[in-house]
Amino acid sequence: MSRQFQTISFFFSLLIMAFPMWGFSQEPFGNPKEGKILYEKHCANCHGTNGTGDGPDTQFLMVQPANFHSLKSRSKTDWDLMTIITFGAAYSPMHGWADRLTEEERWDVLRYIRILAPFNPMARYRPSPNG
Ligand code: HEC
């Protein structure tokens, strides 16, 4: 095998390996369109249609649902929120959804929440009136 051929095929294989990774990093998990349907069916009664935590069922709850627009929620990572959606929050009416929604559906619903209230990594470093 010629040296030149070796070099070219080495770079070519790097290119092939890089492509799927590039695509993967651009595309976050979850489909917000599916997520909207799931959110309105399962979550809006507590978290409110706009994610402000004021759905009609809140009158029956001791622990109030999270307001996704609060800086506290917006500064949590996808993984923080996904863990709560999957396993629930201890001592609260927010139970885990792992037995009711598939992993794909949980990503869909999270992606929709992130459209209602986008991730803001700097939020936790700023004092805020609404938590
Ligand atoms: C019975 C009412 C209720 C329903 C239904 C409900 N939640 Fe919750 N959720 C809560 C409460 C209450 C909390 C706050 C828990 C706490 O602060 O300890 C919460 C917290 C959360 C959090 C954490 C937010 C944060 O900033 O820490 C996420 C994410 C979440 N819910 C997503 C969902 C999703 C997605 C659904 C629908 C699949 C859903 N919830 C359905 C009551 C509910």
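A residue counts as buried under 20% relative accessible area, as exposed over 50%, and as partly exposed in between, using a 1.4 Å probe and the protein chains only. By that scale serine 9 is partly exposed, with a relative accessible area of 30%.

The model is predicted: local features need pLDDT of at least 70, side-chain atom pairs count only at pLDDT 80 or more, and totals for chains, interfaces and linings use all residues. Residues are numbered from 1 along each chain as its sequence is written, and side-chain values use heavy atoms, with hydrogens and water left out.

**Overall build**

- The protein chain has six helices and zero strands. Here helices (H or I, at least four residues) and strands (E, at least two) are DSSP runs, numbered from the N terminus.
- Read from the N terminus on, the order of elements is α-α-α-α-α-α.
- Of the 131 residues in the protein chain, 30% are buried.

**The ligand and its shell**

- The ligand is surrounded by 23 residues. A residue is near a molecule if one of its heavy atoms lies within 4 Å of it.
- The closest residues are Cys43, Cys46, His47, Ser73 and Met94.
- By type, the shell holds 17 nonpolar residues, five polar and one charged. Ala, Val, Leu, Ile, Met, Phe, Trp, Tyr, Cys and Pro count as nonpolar, Asp, Glu, Lys and Arg as charged, and the others, Gly among them, as polar.
- The ligand takes up the space of the largest pocket. On a 1 Å grid over the protein atoms alone, a pocket is an open set of points with protein on both sides within 12 Å along at least five of seven lines. A molecule sits in a pocket if more than half of its atoms lie within 2 Å of its grid points.
- Helix H3 (44-47), helix H5 (78-87) and helix H6 (103-116) are the elements that give two or more residues to the shell around the ligand.
- H5 gives the largest share, three residues.

- Histidine 47 places a polar side-chain atom 2.8 Å from a nitrogen atom of the ligand.
- Serine 73 has a polar side-chain atom 2.5 Å from an oxygen atom of the ligand.
- In the side chain of lysine 76, an N or O atom is 2.6 Å from an oxygen atom of the ligand.

- In H5, the buried residues are Leu81, Met82, Ile85 and Thr86. They lie on the same side of H5 because they cover an arc of only 135° around the axis. The arc is that of the directions from the helix axis to the C-beta atoms.
- Trp79 and Phe87 are exposed on the other side of H5.
- In helix H2 (residues 32-42), the buried residues are Gly35, Leu38 and Tyr39. They fall within an arc of 105° seen down the axis of H2, so they line one face of the helix.
- The face of H2 turned away from the buried side carries exposed Lys33, Ile37 and Lys41.

- Serine 9 is in helix H1 (residues 3-26). Its side chain reaches the backbone oxygen of glutamine 6 at 3.1 Å.
- Serine 75 lies in the loop between helix H4 (71-74) and H5. Serine 75 counts as buried because its relative accessibility is 4%.
- A polar atom of the serine 75 side chain lies 3.2 Å from the backbone oxygen of lysine 72.
- Serine 75 and phenylalanine 119 are 44 residues apart in sequence, yet 6.0 Å apart in space, C-alpha to C-alpha.
- Tyrosine 91 lies in the loop between H5 and H6. Tyrosine 91 counts as exposed, at 83% relative accessibility.
- Phi of tyrosine 91 is near 55°, a positive value in a residue other than glycine. Most residues other than glycine have a negative phi.

How values were computed. Polar contact = N/O pair within 3.5 Å; in protein donor to acceptor, adjacent residues only side chain to side chain. 1 Å grid on protein atoms, 1.4 Å probe; cavity = no way out; pocket = protein on both sides within 12 Å on 5 of 7 lines; lining within 4 Å.
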